[in-house]
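Biologist: I am new to this structure and would like a close look at a single part of it. Please take the aromatic rings and go through them slowly.

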Amino acid sequence: MKDAGLVLTAMAGTDKEDKATKFAKQHVQDYTKALDSSSLKHARIGVATDFFGDNVEVDTITNQAIAKMKSMGTVVVPVSFSNQTKYLWTPVLGPIGDAEFKSQFEKFLSFLPAGAPKTLQDVIDISESPEVLNSETPVNPARLEGLKTALAQADTLYSKEYKNIMNKEIPKTREEITKIMKDNKLDAIVFPTMSCPASNRFDKEDPTYICEAYDTYAASYVASATGFPEITVPAGAVEAGVPVGISFLGTAYSEQKLLDLAYSFEQATHARFVPVHTPETIQ
């Protein structure tokens with residue numbers, strides 16, 4: 001958590017190229033100066049019950065983490081989100097990403113040196129060229145299809161749907177989270193960072209891997225859609241050896257509080273571990 005605080009301290013602030021950060025500078029501080037390892041002793045934490053039930057091992061580790069917090073003095077309150085907030089990709093993040101990608105990506109490309117691609121279509125053309133397709137490192141087919149989808153959806157940046165999401169749906173989601181926290185006097189809301197572990201095999205079907213989630217990333221969409229801060233901290237590992245994290249979500253500019261809570265949990269559990277395949281020189 002000290003590392004996360006150091007990085008946040010360096011990154012935080014107002015960026016003249018990003019209007020969303022206009023008021024951020026007044027909230028910046030040294031996030032590692034006074035990390036409080038006792039913060040869970042006095043905390044009220046909401047547990048987002050919507051993101052459980054997809055994997056037994058993840059649920060077990062997350063519940064053990066919550067039990068540990070309770071043993072430290074934390075007051076735990078079950079909370080639940082609206083049906084839309086439980087899965088924000090289709091109504092919010094997907095359409096926003098498709099609408100904004102082309103314009104933002106091409107702005108990034110405009111800063112590249114002469115001779116580099118300047119448009120999304122340029123990148124697609126290069127990706128589909130024989131030189132790339134037949135190389136040892138072709139573009140991931142799913143990523144290529146995603147680029148094509150973003151190109152086809154670029155005009156939706158000016159649509160009524162986009163304006164409705166930006167002006168109504170996102171503020172509504174922020175209000176929902178703020179109200180849940182205010183009504184329950186919460187310091188943060190916790191949930192498994194991902195409701196299923198990563199599969200220990202990526203090259204073929206793994207019959208031992210169990211995940212009942214429609215989308216194991218669903219919990220992370222809340223912070224992505226609202227712009228509210230979320231921090232994840234190691235909570236343990238499943239039998240296959242891959243890690244499980246627990247997230248702390250707060251409202252705008254509650255980064256210090258979230259870092260304190262995560263630091264308090266980290267220091268009490270020391271759940272982080274070095275993967276067995278990490279070279280000894282790195283350990």
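Which residues do ring pairs link into a cluster?

Modeller: This is a predicted model, in which local features need pLDDT of at least 70 and side-chain atom pairs count only at pLDDT 80 or more, while totals for chains, interfaces and linings use all residues. Residues are numbered from 1 along each chain as its sequence is written, and side-chain values use heavy atoms, with hydrogens and water left out. The cluster that ring pairs link consists of Tyr87, Trp89, Tyr214 and Tyr221. Rings of Phe, Tyr and Trp (its six-membered ring) pair if their centres lie within 6.5 Å, and planes under 30 degrees apart count as stacked, over 60 as edge-to-face and the rest as tilted. By that rule, a search of the whole structure finds 7 aromatic pairs. One of the pairs joins tryptophan 89 to tyrosine 221, and it is tilted because the ring centres are 5.4 Å apart and the planes stand at 40°. This pair links distant parts of the chain, since tryptophan 89 lies in helix H4 (residues 89–109) and tyrosine 221 in helix H9 (residues 221–226), 132 residues apart; helices here are DSSP runs (H or I, at least four residues), numbered from the N terminus. Tryptophan 89 is partly exposed, at a relative accessible area of 40%, whereas tyrosine 221 is buried at 10% relative accessibility, where buried means under 20% relative accessible area, exposed over 50%, and partly exposed in between (1.4 Å probe, protein chains only). Phenylalanine 105 and phenylalanine 108 form a stacked aromatic pair, with 6.4 Å from centre to centre and 25° between the planes. Both of these phenylalanines lie in helix H4, 3 residues apart, about one turn of the helix.

Key:
Helices (H or I, at least four residues) and strands (E, at least two) are DSSP runs, numbered from the N terminus.
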